[in-house]
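Have the structure open as you read.

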Amino acid sequence: LGIIWDVATFWPRWFHPWAPPSYGERAVPHLMRRLSVLTGEGCSVIVSAHSQGTVVAAAAIALLPEECRRHIAVVTHGSPLARLYARYFPQVFAVDGLRRLAGQLADVRPVRWRNLYRSTDYIGGAVFGEITDTYEDVRVPDPHDARPLMDGDPRPRTLNHSNYYVDALYRSTIDDLSTELRAVRGQR
C-alpha cells in the first residue's frame with residue numbers, strides 16, 4: 001500500500017481526480033528552484049536520490065535550463081524509474097527520455113548519472129539497461145559478502161531497498177562525480 005500511495009500522490013489531481021493532494025506539484029518546483037539558485041551561484045551539485053526521490057529528481061532536472069544541467073551530476077539508488085514509471089507511465093518517463101536527459105547532463109563529458117541498484121531490491125532496479133559514456137547502471141552486491149563469519153553463523157542480512165549510502169560503492173560514486181564536477185567547473 002505504501003508503494004501505491006507514493007506513486008499515486010506524485011501525480012497532480014487532474015491526472016486522477018480522486019487522489020489525495022499531490023506532493024509532486026510542490027516538490028518538483030522546489031527542487032528546481034534550489035538547483036537553479038545553487039548552480040547560479042557558481043556551485044556544482046550532486047543530486048543523490050533514493051526510491052521515489054529519483055522520480056522527483058528526474059522530473060525537476062528535465063525541466064531545468066541547459067545552463068543549470070551542465071553543473072549537475074546525479075546518483076540514483078533504489079530507483080523505480082524503469083521498473084514502475086517507464087512501464088506504467090511511458091509517455092512521461094520513457095527509458096529513452098531518461099537516456100536523453102542523462103546525455104544532456106553529460107554533454108561531452110564522462111558519465112554524470114549513475115544508477116545504483118541491487119538484484120535483491122524489490123522496488124528499484126536498472127534504469128538505463130545499458131552502459132554508455134553518459135550514463136550507467138551499477139549493480140551493488142547484496143549482501144556484500146554472502147559467507148558467514150564462522151561456520152554455523154547465519155548468512156549476512158540483505159539490504160534490499162535500503163541503506164545504499166552505507167556501501168563503499170556509493171561513497172566512491174559520489175567521490176568520482178565530485179571530482180568530475182570540479183574539473184568541469186574549475187572551482188568549487
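Is glutamate 66 buried, partly exposed or exposed? Its relative accessibility is 45%, so glutamate 66 counts as partly exposed; the scale calls residues buried under 20% relative accessible area, exposed over 50% and partly exposed in between, with a 1.4 Å probe and protein chains only.

A word on the ground rules. This is a predicted model, where local features need pLDDT of at least 70, side-chain atom pairs count only at pLDDT 80 or more, and totals for chains, interfaces and linings use all residues. Residues are numbered from 1 along each chain as its sequence is written, and side-chain values use heavy atoms, with hydrogens and water left out.

**The overall layout**

The protein has seven helices and four strands, taken as DSSP runs (H or I, at least four residues, for helices; E, at least two, for strands) and numbered from the N terminus. Along the sequence they follow the pattern α-α-β-α-α-β-α-α-β-β-α. Of the 188 residues, 45% are buried. Take the contacts (heavy atoms within 4.5 Å) between residues at least 6 apart in sequence: 67% of them join residues at least 24 apart.

**Charged pairs**

Side chains of opposite charge can pair when their charged atoms come close. The whole structure holds five salt bridges, each a side-chain nitrogen of Lys or Arg within 4 Å of a carboxyl oxygen of Asp or Glu. Among them are these:

| Salt bridge | N to O distance |
|---|---|
| Glutamate 66 and arginine 70 | 2.9 Å |
| Glutamate 67 and arginine 70 | 2.9 Å |
| Arginine 114 and aspartate 176 | 3.9 Å |

Arginine 114 is buried, at 14% relative accessibility, while aspartate 176 is partly exposed at 43%. Elsewhere, shared partners join Glu66, Glu67 and Arg70 into one network of salt bridges. Glutamate 67 is partly exposed, with a relative accessible area of 44%, and arginine 70 is partly exposed too, at 29%.

Two packed helices are described by the angle between their axes and the distance between the axes. Here the axes are lines fitted to C-alpha atoms, for helices over the stretch in contact, with angles from 0 to 180 degrees between N-to-C directions.

The axes of helix 2 (residues 24-40) and helix 3 (residues 52-63) come within 9 Å and cross at roughly 55°. That makes helix 2 oblique to helix 3; angles under 35 degrees count as roughly parallel, over 145 as roughly antiparallel, 65 to 115 as roughly perpendicular and the rest as oblique. The crossing is right-handed, meaning the near helix is turned clockwise from the far one by less than a right angle, with anticlockwise giving left-handed. On the helix 2 side, Ala27, Val28, Leu31, Met32 and Leu35 meet Val56, Ala57, Ala59, Ala60, Ile61 and Leu63 of helix 3. This contact has eleven nonpolar, no polar and no charged residues. Nonpolar covers Ala, Val, Leu, Ile, Met, Phe, Trp, Tyr, Cys and Pro; charged covers Asp, Glu, Lys and Arg; the others, Gly among them, are polar.

Helix 3 also meets helix 6 (residues 95-106), with axes within 11 Å and crossing at roughly 60°. These two are therefore oblique to each other, in a left-handed crossing. Ala58, Ile61 and Ala62 of helix 3 meet Leu98, Leu101 and Leu105 of helix 6, a set of six nonpolar, no polar and no charged residues.
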